[in-house]
Amino acid sequence: MPIPFEIGDIVRLKKQHPCGCKEWEVLRVGADFRLKCQGCGHQVMLARKLVEKNTRGIRKKGDGGSMPG
């Protein structure tokens with residue numbers, strides 16, 4: 001079952017970006033995802049399969065709580 005991603009969610013990925021941040025904001029959802037690094041603002045496009053495989057936690061938009069993991 002696919003993970004329910006929504007625009008505005010913050011995802012924690014397995015590997016960190018070269019700037020040192022592991023958290024990314026979801027800007028586009030579909031077959032490909034557009035993610036924005038929360039550290040430096042760099043944007044990337046990744047395949048849904050790759051994002052689902054490497055996701056370690058999701059913080060839903062509007063949820064101020066901490067992310068598990």
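The briefing below treats the sheet, the core and the pocket in turn.

This is a predicted model, in which local features need pLDDT of at least 70 and side-chain atom pairs count only at pLDDT 80 or more, while totals for chains, interfaces and linings use all residues. Residues are numbered from 1 along each chain as its sequence is written, and side-chain values use heavy atoms, with hydrogens and water left out.

**Sheet**

- Five strands make up an open antiparallel sheet, ordered β4-β3-β2-β1-β5; strands (E, at least two residues) and helices (H or I, at least four) are DSSP runs numbered from the N terminus, and two strands pair if DSSP finds at least two bridges between them.
- The edges are held by β4 (43-47) and β5 (55-59); each has a single partner strand, so one side of each is left without a neighbour in the sheet.
- On average, neighbouring strands of this sheet are turned by 35 degrees against each other, direction ignored (axes are lines fitted to C-alpha atoms, for helices over the stretch in contact, and angles run from 0 to 180 degrees between N-to-C directions).
- Three bridges join β1 and β2 in the antiparallel sense: Val11 stands opposite Trp24 in β2, and Arg12 has Glu23 of β2 as its bridge partner.
- Four bridges join β2 and β3, again antiparallel, and these two strands form a hairpin with three residues between them.
- Within β3, Cys37 is the residue opposite Trp24.

**Nonpolar core**

- Ten residues form the largest nonpolar core: Phe5, Val11, Leu13, Cys21, Trp24, Val26, Phe33, Leu35, Cys37 and Val51. Such a core is a set of buried Ala, Val, Leu, Ile, Met, Phe, Trp, Tyr and Cys residues joined through side-chain atoms within 4.5 Å, where buried means under 20% relative accessible area (1.4 Å probe, protein chains only).
- At least two residues of this core come from each of β1 (10-13), β2 (23-28) and β3 (32-37), and β3 gives the most, with three residues.
- Leaving aside neighbours within four places in sequence, Phe5 is in contact (heavy atoms within 4.5 Å) with residues including Val11, Phe33, Arg48, Val51 and Ile58.

**Largest pocket**

- The largest pocket holds about 150 Å³ of space. On a 1 Å grid over the protein atoms alone, a pocket is an open set of points where a 1.4 Å probe fits, with protein on both sides within 12 Å along at least five of seven lines; lining residues have an atom within 4 Å of a point. Grid points are joined across faces, edges and corners, and the volume is the space filled by probe spheres set on them.
- Among the residues lining the largest pocket are Leu13, His17, Pro18, Trp24, Leu46 and Asn54.
- Helix α1 (residues 48-54) supplies the largest share of this lining, three residues.

Key
Buried means under 20% relative accessible area, exposed over 50%, partly exposed in between (1.4 Å probe, protein chains only).
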